[in-house]
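Let's take a walk through a protein model together. Have the sequence and the 3D view open, and look up each part as we get to it.

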Amino acid sequence: GSGVVLAKPDTATISLSVEAIGRTSEAAQKETSKTMQKVTDTLLEMGIQKDKIVTTGTFVYPSYQYDDGTGKRTITGYRSTANIQAVTKDIENAGKDIDAALKAGATGTDGVSFSVENESAYYAQALETAVNNAADSAAAIAGAYGRPLGEVKSVTENSRSAYYVESSKRQALSVAENSAADTGEGGTTIQYGDIHVTANISVVYVF
């Protein structure tokens, strides 16, 4: 039996990146940290709580220049990158949050993912639907054999998941049409659909 419940997302997770180049790794990291602070301050001004803004990764790696004649490579500088994640309940303004972060110095975004905070409540509904569907299927099979449906011998919870409706058209990733930070026109447009919360079970009946 399978059960599906549609849920309106109530939480948006914004993924941002900051990048800087320096002659030394320390210089590159320092510039990245400076920009990250500006981005963080801006997100705070936008109403996102401090404990909902986290650094998910930092990386520093050298840039090389190759000499075709000698076959040697020389370090010409260092590139520092950092990834920031911000979680907000104000999902309708997620696009504005991205635009503000880009204006503050963020160099890129990996988009926005949407979720529901209380997914377990929706899953419980989906699970109940799955149980009812399993019973209906079992009754139909038993009836086809001319037998009454008997007791349940076992129940196995197979899987649970949450995914987005029409993900190919209305992905829960942000669709940035024209960044206000770059063009001054419009802004980042966010499109999202409902979330499918699903439950799948296997029930063994006696008949």
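What follows is a short tour of the sheet, its helices, some charged pairs and a few surface details.

## Before we start

This is a predicted model, in which local features need pLDDT of at least 70 and side-chain atom pairs count only at pLDDT 80 or more, while totals for chains, interfaces and linings use all residues. Residues are numbered from 1 along each chain as its sequence is written, and side-chain values use heavy atoms, with hydrogens and water left out.

Helices and strands here are DSSP runs, numbered from the N terminus: a helix is H or I with at least four residues, and a strand is E with at least two.

## The four-stranded sheet

Look for an open sheet whose four strands come in the order β3-β4-β2-β5, with antiparallel pairing. (Two strands pair if DSSP finds at least two bridges between them.) At the edges stand β3 (53-66) and β5 (108-115), each with a single partner strand, so one side of each has no neighbour in the sheet. On average, and ignoring direction, neighbouring strands of this sheet are turned by 15 degrees against each other. (Axes are lines fitted to C-alpha atoms, for helices over the stretch in contact, and angles run from 0 to 180 degrees between N-to-C directions.)

Now zoom in on β2, which covers residues 11-22 and pairs with β5 in the antiparallel sense over seven bridges. If you find I14, you'll see V112 of β5 standing opposite.

## Two helices on the sheet

Helix α1 (residues 25-45) packs on the sheet and touches β2, β3 and β4 (73-88), and its direction makes about 150 degrees with that of β2. (Contact means heavy atoms within 4.5 Å.) Helix α2 (residues 94-103) lies across β2, β4 and β5, running at about 10 degrees to β2.

How many of the ten residues of α2 are buried? Eight of them are, so α2 is largely enclosed by the rest of the structure. (Buried means under 20% relative accessible area, exposed means over 50%, and partly exposed is in between, using a 1.4 Å probe and protein chains only.) Among the buried ones are A94, I98 and L102. Just after α2, G105 takes a positive phi of about 125 degrees.

## A closer look at L16

L16 lies in strand β2 and is buried, with a relative accessible area of 2%. Leaving aside neighbours within four places in sequence, L16 is in contact with several residues, including V39, L43, I84 and A101. The C-alpha atoms of L16 and G111 are separated by 7.6 Å, although these residues are 95 residues apart along the chain.

## Charged pairs

Side chains of opposite charge can pair when their charged atoms come close. The structure holds five salt bridges. (A salt bridge is a side-chain nitrogen of Lys or Arg within 4 Å of a carboxyl oxygen of Asp or Glu.) In one of them, D194 pairs with K8, and the closest N and O atoms are 2.9 Å apart. D194 lies in the loop between α4 (180-183) and β7 (195-205) and K8 in the loop between β1 (2-7) and β2, so the pair ties together parts that are 186 residues apart in sequence. K8 is exposed, at 60% relative accessible area.

K89 forms a salt bridge with E117, the closest N and O atoms being 2.8 Å apart. K89 counts as partly exposed at 46%, whereas E117 is exposed at 62%. D10 joins in too: D10, K89 and E117 are linked in a network of salt bridges.

In β1, the covered face is G3, V5 and A7, while S2, V4 and L6 make the uncovered one. In a regular strand the side chains alternate between the two faces of the sheet. Six bridges join β1 to β7, and the two run antiparallel. Which residue of β7 is the bridge partner of L6? That would be H196.

Last stop: I141, Y145, L149 and F207 make a nonpolar surface patch of about 410 Å². (Patches are made of residues with over 30% relative accessible area and no salt bridge, where like charges are joined within 9 Å and nonpolar side chains, namely Val, Leu, Ile, Met, Phe, Trp and Tyr, within 5 Å; accessible areas come from the Shrake-Rupley method with a 1.4 Å probe, and for residues only the protein chains shown count as cover.) Y145 lies in the loop between α3 and β6 and counts as exposed at 62% relative accessibility.
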